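Subject: Structure for your review

Dear colleague,

Please find below the structure that I am handing over to you. I would be grateful if you would look through it alongside the notes that come after it.

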Amino acid sequence: MSRTRECKSCGINVHVDMDELMIEEEKSVSDDIYDERLVICMECPALQYGTTCQHSGEIVSYRALFKDKFCPKPGNPRW
């Protein structure tokens, strides 16, 4: 999946090709968990511009890949 979007903080175009990311398997979640996390993020009111978490400032499709990451919603993480 390849997307080009304008960075909302600096105005430059950012291209992220999720298929080309090199993430060590032991650091990433399973496909099922990844899909579950993305569904939760896409329904979250803190999602900005359809890509970015208001709480962390990170691209949710990237953050959701990692085992050591969690939902950054203060007080009540969603995943």
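The notes below describe the overall fold, the cavity, the nonpolar core and the cysteines.

Please bear in mind that this is a predicted model. The chain contains two helices and four strands, and from the N terminus these elements follow the order β-β-α-β-β-α. The chain has 79 residues, of which 29% count as buried. Among contacts with a separation of 6 or more, 41% are between residues 24 or more positions apart.

A search of the whole structure for cavities of 30 Å³ or more returned one. The volume of the largest cavity is about 120 Å³. Its lining is made up of 14 residues, and those nearest the centre are Cys41, Cys44, Cys53, Val60 and Cys71. Two elements, helix H1 (31-43) and helix H2 (60-63), each give two or more residues to this lining. By class, ten of the lining residues are nonpolar, one is polar and three are charged.

Several of these names return in the largest nonpolar core. That core has twelve residues, including Cys41, Cys53, Val60 and Cys71. Also among its members are Val29, Tyr34, Leu38, Leu47, Phe66 and Trp79. Helix H1 gives the most to the core, with three residues. In soluble globular proteins, nonpolar side chains tend to be buried together. Leaving aside residues up to four places away in sequence, Val60 touches Leu38, Cys41, Met42, Leu47, Thr51, Thr52 and Cys53.

A disulfide would require two cysteine sulfur atoms within 2.5 Å. For Cys53, the closest cysteine sulfur belongs to Cys71 and lies 6.3 Å away, which is too far for a bond. Cys71 is likewise in no disulfide, its nearest cysteine sulfur being that of Cys44, at 6.1 Å.

Are Cys53 and Cys71 buried or exposed? Buried means under 20% relative accessible area. Cys53 has a relative accessibility of 10%, and therefore counts as buried. Cys71, at 8%, counts as buried because its value also falls under that cut-off.

With kind regards

Technical notes
Residues numbered from 1 in each chain as written. Predicted model: local features only at pLDDT ≥ 70, side-chain atom pairs only at ≥ 80, totals over all residues. Heavy atoms only, no water. Buried < 20%, exposed > 50% of the residue type's maximum accessible area, 1.4 Å probe, protein only. 1 Å grid on protein atoms, 1.4 Å probe; cavity = no way out; pocket = protein on both sides within 12 Å on 5 of 7 lines; lining within 4 Å. Points joined across faces, edges and corners; volume = space filled by probe spheres on them. Nonpolar A, V, L, I, M, F, W, Y, C, P; charged D, E, K, R; others polar. Core = buried A, V, L, I, M, F, W, Y, C linked by side-chain atoms within 4.5 Å. Contact = heavy atoms within 4.5 Å.
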